[in-house]
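Let's take a friendly walk through a protein model, one feature at a time.

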Amino acid sequence: MPFVHSDSVNVHFRTDAVHGPTLLLAHGFLMDESMFDPIRNILAHTDINVVAWDARGHGRTGYGENPRFDYWDLATDGLRVLDALGIERAVVGGVSQGGYAALRMALLAPERVTGLALLDTEAGACTRDEETRYENFFDEWCGTGPLRPLANELAPRIIGGTDPRIRQTWITRWLAADRTAIRPAADCLIGRDSVLGRLGEISVPALVLRGEHDPTSTADKCARLADALAGASGVRTVAGAGHGCALTHPAQVAAALAALVTAATSHTVAPVAVAAGI
């Protein structure tokens with residue numbers, strides 16, 4: 001079970017350890033790296049090395065000595081995962097909060113990011129209305145009242161789709177976990193900064209993808225993200241999906257990710273060919 005030390009945190013990750021281009025994926029809020037298992041299984045017949053890691057306060061990754069952190073810290077954690085594997089460059093991406101970390105990886109270390117996979121995510125900060133809604137929700141989640149009604153309310157919103165078995169799997173996990181442990185991660189989510197004004201610094205190939213019925217990463221938010229990224233070609237929409245299309249529609253998402261890795265690999269090697277006079 002591999003871990004890497006980042007700041008004071010032991011970050012858990014998983015790798016396919018195949019000798020091909022690396023795709024580093026960061027999961028959504030209240031999920032863990034296992035949310036990418038369906039995609040990992042689909043891409044197993046390719047040479048893509050799928051690496052996924054648990055964000056602070058999720059899965060097998062704790063908070064370390066200081067529970068206060070932001071998505072720039074998570075971006076650094078992702079880079080430390082690549083360091084631990086001896087991987088110099090990779091396509092990086094994520095779902096929702098995982099996309100926040102991926103964007104910041106591209107800004108922190110542009111020389112290491114060959115492509116961006118931005119799934120049901122955005123680049124802006126919370127609006128005041130969103131902050132209030134999140135604060136009220138997490139006050140209840142971390143409180144002492146019944147948790148199941150909140151979990152039942154949340155699952156369709158952050159997973160979506162039509163298969164109740166997928167939602168029930170995660171509801172069961174939430175009910176079995178320490179409900180108060182998510183608070184520092186919630187504070188990070190609510191207090192995140194906007195990077196919309198810096199997207200012009202990113203030039204690598206980018207996939208901006210959202211579920212058709214995603215209530216959080218709206219069509220407008222995703223359009224603003226794609227429009228500001230030189231390497232993006234609009235927004236790709238997964239029909240019938242919600243916020244968790246990576247879970248509910250893995251075949252469509254895996255195909256889009258594989259195409260991005262191919263494009264990123266071609267984009268990376270092209271300057272070398274020119275320099276060689278080919």
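A salt bridge here means that a side-chain nitrogen of Lys or Arg lies within 4 Å of a carboxyl oxygen of Asp or Glu. Keep in mind that what you see is a predicted model.

Begin with arginine 104, which forms a salt bridge with aspartate 193; their closest N and O atoms are 2.9 Å apart. This pair links distant parts of the chain: arginine 104 sits in helix H3 (residues 97–108), while aspartate 193 belongs to the loop between H7 and strand S7 (206–211), 89 residues apart. Are the two partners buried or exposed? Arginine 104 has a relative accessible area of 1%, so it is buried. Aspartate 193 counts as partly exposed because its relative accessibility is 32%.

Next, find glutamate 130 and lysine 221, another salt-bridged pair, with closest N and O atoms 2.7 Å apart. Glutamate 130 lies in helix H4 and lysine 221 in helix H8 (residues 219–228), so this pair ties together parts that are 91 residues apart in sequence. Both glutamate 130 and lysine 221 are buried.

Now stay with helix H8 for a pair of another kind. Arginine 224 forms a salt bridge with aspartate 220, the closest N and O atoms being 3.4 Å apart. Both residues lie in H8, four residues apart, which is about one turn of the helix. Arginine 224 is partly exposed, with a relative accessible area of 42%. Salt bridges can also share partners, and in this way Glu122, Glu130, Arg192 and Lys221 are joined into one network.

Let's turn to how helices pack. Two packed helices are described by the angle between their axes and the distance between the axes. The axes of helix H4 (residues 128–141) and helix H7 (residues 183–190) come within 10 Å and cross at roughly 175°. H4 and H7 are therefore roughly antiparallel to each other. On the H4 side, the contact is made by Glu131, Tyr134, Glu135, Phe138 and Asp139, and on the H7 side by Arg183, Ala186, Leu189 and Ile190. Sorted by class, this contact has five nonpolar, no polar and four charged residues.

Finally, look inside. Which residues have the most contacts inside the largest nonpolar core? That core has 97 residues, and the answer is Leu116, Phe138, Trp141 and Trp174. Beyond its neighbours within four places in sequence, leucine 116 is in contact with residues including Val91, Ala102, Ile202, Pro205 and Leu260.

Methods:
Residues numbered from 1 in each chain as written. Predicted model: local features only at pLDDT ≥ 70, side-chain atom pairs only at ≥ 80, totals over all residues. Heavy atoms only, no water. Axes fitted to C-alpha atoms, helices over the stretch in contact; angles between N-to-C directions. Helix = DSSP H or I, 4+ residues; strand = E, 2+ residues; numbered from the N terminus. Parallel < 35°, antiparallel > 145°, perpendicular 65-115°, else oblique. Contact = heavy atoms within 4.5 Å. Nonpolar A, V, L, I, M, F, W, Y, C, P; charged D, E, K, R; others polar. Core = buried A, V, L, I, M, F, W, Y, C linked by side-chain atoms within 4.5 Å. Buried < 20%, exposed > 50% of the residue type's maximum accessible area, 1.4 Å probe, protein only.
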